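Colleague: I am new to this structure. Please show me how to read its features, step by step.

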Amino acid sequence: MATGRTHRPATRSRGIPEATVARLPLYLRALTALSERSVPTVSSEELAAAAGVNSAKLRKDFSYLGSYGTRGVGYDVEYLVYQISRELGLTQDWPVVIVGIGNLGAALANYGGFASRGFRVAALIDADPAMAGKPVAGIPVQHTDELEKIIKDNGVSIGVIATPAGAAQQVCDRLVAAGVTSILNFAPTVLSVPDGVDVRKVDLSIELQILAFHEQRKAGEETAAGDGAGPAATARDTSSDQGPDGDVPAVMPA
């Protein structure tokens, strides 16, 4: 779910495709669960099933990392956790600012997964003067007037936007001007950013629309089956839906 410009020289110079980069967090999540259960090794088939991909794609992805596993043994879980974490940049501390501390922003601030994955919430920022000084998740909210100083003082390069749509672009512009080069956007709007700035967009309404599309298709297939069509006529052919990497492309609303 990426929008805006996605300039990623670090990974592309290493020859790792964007589709592989997008799957690395899935592998890491599955591997972390195995590590927490003290599982020492895992086969490509087991890990692929846990991550929701096919084993051939997983082995291809890991080949970009230089990991090929051991025949009859599989992959070393702890080493892969370290290797993928290093590739994703999670072995260092990443200070993050969240701008817009409404219901969504407050929920993000309270999300415990940031710290466990190498991200430290350095500051919470909101435009409402009444919010200034109020603690959210143990962190006092600061006013947007302090945004540039906060980013400079904390060495922030990643910003999270959880503002209403109308304020998002202005906040984005200020973040970029202050030195932020990666933005996670929860506002329901497309942001315009210069080259060298990465934007990832999270839009729950789009995800729900995609699910609605699939529900409608399934309902149509069930109706066709009820009208007497055979399995061959009702089975969904996904071959034409798949992209060059075998992934079903996202369905975006007009």
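Predicted model: local features only at pLDDT ≥ 70, side-chain atom pairs only at ≥ 80, totals over all residues.

Colleague: How many helices and strands does the protein chain have?

Modeller: Helices (H or I, at least four residues) and strands (E, at least two) are DSSP runs, numbered from the N terminus. Here the protein chain has 11 helices and nine strands.

Colleague: What percentage of the residues count as buried?

Modeller: Buried means under 20% relative accessible area, exposed means over 50%, and partly exposed is in between (1.4 Å probe, protein chains only). Of the 254 residues in the protein chain, 35% count as buried.

Colleague: And what share of the contacts joins residues 24 or more positions apart?

Modeller: A contact means heavy atoms within 4.5 Å. Take the contacts in the protein chain with a separation of 6 or more: residues 24 or more positions apart account for 56% of them.

Colleague: Now the rings. How many aromatic pairs does a search of the whole structure find?

Modeller: A pair of aromatic rings is described by the distance of the centres and the angle of the planes. Rings of Phe, Tyr and Trp (its six-membered ring) pair if their centres lie within 6.5 Å; planes under 30 degrees apart count as stacked, over 60 as edge-to-face and the rest as tilted. The search of the whole structure finds three pairs. One of them joins Y27 and F62: the ring centres are 5.0 Å apart and the planes stand at 75°, so this pair is edge-to-face.

Colleague: Where do Y27 and F62 lie?

Modeller: Y27 lies in helix α2 (residues 18-36) and F62 in helix α4 (residues 55-65), so the pair ties together parts 35 residues apart in sequence. Y27 is buried, at a relative accessible area of 0%. F62 is buried too, with a value of 0%.

Colleague: How are the rings of Y111 and F114 arranged?

Modeller: Their centres are 5.2 Å apart and their planes are at 80°, so that pair is edge-to-face. Y111 counts as partly exposed at 44% relative accessibility. F114 is buried, at 16%.

Colleague: Which residues form one aromatic cluster?

Modeller: Y27, F62 and Y75 form it.

Colleague: On to helix packing. At what angle do the axes of α2 and α3 cross?

Modeller: Axes are lines fitted to C-alpha atoms, for helices over the stretch in contact, and angles run from 0 to 180 degrees between N-to-C directions. The axes of α2 and helix α3 (residues 44-51) come within 9 Å and cross at roughly 110°. That makes α2 roughly perpendicular to α3. The cut-offs are these: under 35 degrees is roughly parallel, over 145 roughly antiparallel, 65 to 115 roughly perpendicular, and the rest oblique.

Colleague: Which residues make the contact?

Modeller: From α2 come L26, Y27, A30, L31 and L34; from α3 come L47, A50 and A51. By class, the contact of α2 with α3 has eight nonpolar, no polar and no charged residues. Ala, Val, Leu, Ile, Met, Phe, Trp, Tyr, Cys and Pro count as nonpolar, Asp, Glu, Lys and Arg as charged, and the others, Gly among them, as polar.

Colleague: How do α3 and α4 pack?

Modeller: They pack at an angle of about 100°, with their axes 8 Å apart. That makes α3 roughly perpendicular to α4. S44, E45, L47 and A48 in α3 meet S55, L58, R59 and F62 in α4. This contact of α3 with α4 has four nonpolar, two polar and two charged residues.

Colleague: Last, single residues. What is the phi of S38?

Modeller: S38 has a positive phi of about 60°, although it is not a glycine. S38 lies in the loop between α2 and β1 (41-42) and is exposed, at 63% relative accessible area.

Colleague: Where is L88, and which residues does L88 touch?

Modeller: L88 is in the loop between α5 (77-87) and β3 (94-99). Not counting residues up to four places away in sequence, L88 touches V21, L24, P25 and L28. L88 and L28 are 60 residues apart in sequence and 9.8 Å apart in space, C-alpha to C-alpha.

Note on methods:
Residues numbered from 1 in each chain as written. Heavy atoms only, no water.
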